[in-house]
Amino acid sequence: MNKNILNQLSADERPVAWTLQATAEDMRVSPTFQWNLETKLMDKAKKQIQPKQGWHTNIVGTVGWALAALGAIFLLSWTIRSIVSGVQPATNETPTPEMSFEEKVRAGNICAGPLALAHNFSVFVTNQEKTVFVPLDEQNTIGELRSFAWSSNGQLAVVGNTTGAGNIYVTDSVDHPLQPVIPNSELGYLMEVAWSQDGKQLLMWSVQNNTIVYVVNADGTNLLERKLDLQLFAIPQFSPDNSSMIFRGANASSSGLFEVKFDGLQVRLISPLVDDESGFAWSPDGSRLAYVEMDRTLGEARLVSEEIATGNKSVLATLPTPKGSGSSLPESANLSWSADGTSLVFEFGRSPTDRVIYLAHADGTEPIQLVTSAYAPTISADGNCLAYISNKQVFLLDLTDTITPPLLLADLPTGRSIAGFQMDKLQWSPKRP
Amino acid sequence: MTTLMNLRQNQYPLMDDARLAHQARTDLQAFAELYHRHLTSVYRYHLVHTGNEKDAEDLTSQTFMAALEGIDSYRGTGPYIAWLMGIASRLRARFFRGSKPEVPLDAALQIPTPSLPTDKAAYRRLQMDEVIGALRHISRDRAEALILCFFSELSFGEAGLVLGKSEAAVKMLISRGLQDLRTRTSLALEVDYE
């Protein structure tokens, strides 16, 4: 609400004003309508807003038309000569009608491969036609499923919890049942899991002791416990060569994004300005680490790409944030790279309802806003689809042609949960089908 | 891969509306920024008037089409939002000409059921209907002032320009309007003190 107005109201007028305000805030523009309107405006604006042309432009235009006319005469003449010199046999081929984005998705021509979703206390995977989310543990025999992680070779690890004990399950195909890796462990309440780059090891942490990480082989053997001099704030990620892990955490003197070597556990503070737990990601080839820095002094958020071999850093995007320590900062989350390493997506904003999904380019060209009021972005392995959540629905956006309105994949499934628990995670399998 | 939204690249974060509107005559990105700043205000204005999403979307679409078409006619003498909401207001008036909404007389005094629906979305919808219904039972001027200030988030001065009234007159309309809602409709019973 306009705070100036609220301040000018008497105490007995304010309650009704608050009701009006609450009602107004519930009135949200639907993403599909917004998309259609923007497309219409864009078409109209292209016709209407033309740059002013100077005399030289007119001359160039005239000469261009003359050249085009000459070209047309030449082409006509060549065509006539071709027909006269020999008629080509007719083929039986009929032109294939172009498929819509939705048809291509349903047929599995693009954006193929499963899309997984963690919502409430369940994990789901799309069916082949991308029309519905199917629960992974349909019979609900495992208990609460809290999160998941795809390996680079398409295995899916799922984190579950029953009566305080953490469980990890793995399947090599969504059609196969989940196999227990660590059932009913003594590791405590597990929240998330991460794969090594080669898909052979898993990394875990428990919220009950956030100075310990566990590493285990994917077949459940060789469980190792590593005690750190740091507190973990979220699941670490293996480095591309599996020699270290990177995570957001804190020690006695600083907080930020840290790297810890498995061999000797040496610690390096990569950046003290990384505030968000999922605000960092390795490039697919492992040569670069991207992360979002929140600079309170300058009042900006920076998406940084660091070249691992040289240590060179480049800023791929900057977004304004409040300055100083007085106000809370927006969050950046779910930073991830496209499979070809040319672009990154991430969400930015205060709450899931007011977040914006940005697409940044690895070459540093200007980032673009893809979707507003949306979160949990993830790019499909073929680079053609962006999946995201908006207004309790999952959408697919055609990244090759954003004029196409987003395709509604499905509503967020309902399931068991408790008040205050929200961890909506969406991720495509990185393996190309 | 270009839509109007994509064109907005935070390059005008500090530029005021009037300068943007001037630039929008030849610069699509400037119009994209203006569109983003005011989309919600226009949409809420139409939604609270029409009471349904489809008509609100149609009118919002028409408003921005008209704004784009007439951007040259904005002279910068008043706030851009007042000019834009003026367009929205005229389109709304045209929409309602010949299709006057009818509200049953007893709706104003209808006491809402004390047991709230468990489904939040359904509850929100009911609350929205309740508010929209209540606004239809107070004088048009007062309701319009409340809608412009609370739903479209205009200042008293900006709302005054849309309504053709002074800032003081708008303040008075707001005050009386809130009082009407409190005393003459069931809305007061819906007040949430959180």
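At what angle do helix H3 of chain A and helix H4 of chain B pack, and how far apart are their axes? The angle is about 20°, and the axes are 10 Å apart. Before I go on, note that this is a predicted model.

Angles under 35 degrees count as roughly parallel, so H3(A) and H4(B) are roughly parallel to each other. Their crossing is right-handed. On the chain A side, the residues in the contact are Phe33(A), Leu37(A), Lys40(A), Leu41(A), Lys44(A), Ala45(A) and Gln48(A). From H4(B), they meet Glu57(B), Thr60(B), Ser61(B), Phe64(B), Met65(B) and Leu68(B). Sorted by class, that contact has seven nonpolar, three polar and three charged residues.

Next, a helix pair within chain B. Helix H8, residues 156–163, and H9(B) have axes that come within 8 Å and cross at roughly 100°. That value falls in the 65 to 115 degree range, which means H8(B) is roughly perpendicular to H9(B). H8(B) contributes Phe156(B), Gly157(B), Ala159(B), Gly160(B) and Leu163(B). H9(B) meets them with Glu167(B), Ala169(B), Val170(B) and Lys171(B). Here the classes are five nonpolar, two polar and two charged residues.

Staying with H9(B), which spans residues 167–184, I will pick out Ile174(B), found in that helix. Is Ile174(B) buried or exposed? Ile174(B) has 23 C-beta neighbours inside 10 Å, and the cut-off for buried is 20 or more, so Ile174(B) counts as buried. Leaving aside residues up to four places away in sequence, Ile174(B) touches Ala145(B), Leu146(B) and Cys149(B). As for Ile147(B), 27 residues from Ile174(B) along the chain, the C-alpha atoms of the two are separated by 9.5 Å.

Last, a sheet in chain A. Four strands form an open sheet in the order E3-E2-E1-E29, with antiparallel pairing. Which strands are at the edges? They are E3, residues 133–135, and E29, residues 425–428, each of which pairs on one side only. From one strand to the next, the twist averages 25°. Inside the sheet, strand E1(A), residues 115–119, and strand E2(A), residues 122–126, pair in the antiparallel sense over four bridges. For a specific pair to look up, take Ala118(A), whose bridge partner in E2(A) is Val123(A).

Notes:
Residues are numbered from 1 along each chain as its sequence is written. Chains are lettered from A and ligands numbered from 1 in the order in which they are written. This is a predicted model: local features need pLDDT of at least 70, side-chain atom pairs count only at pLDDT 80 or more; totals for chains, interfaces and linings use all residues. Helices (H or I, at least four residues) and strands (E, at least two) are DSSP runs, numbered from the N terminus. A residue is buried if 20 or more other C-beta atoms lie within 10 Å of its own, exposed if 12 or fewer, and partly exposed in between; C-beta atoms are placed from the backbone. Two residues are in contact if their C-beta atoms, placed from the backbone, lie within 7 Å. Axes are lines fitted to C-alpha atoms, for helices over the stretch in contact, and angles run from 0 to 180 degrees between N-to-C directions. Angles under 35 degrees count as roughly parallel, over 145 as roughly antiparallel, 65 to 115 as roughly perpendicular and the rest as oblique. A crossing is left-handed if the near helix is turned anticlockwise from the far one by less than a right angle, and right-handed if clockwise. Ala, Val, Leu, Ile, Met, Phe, Trp, Tyr, Cys and Pro count as nonpolar, Asp, Glu, Lys and Arg as charged, and the others, Gly among them, as polar. Two strands pair if DSSP finds at least two bridges between them.
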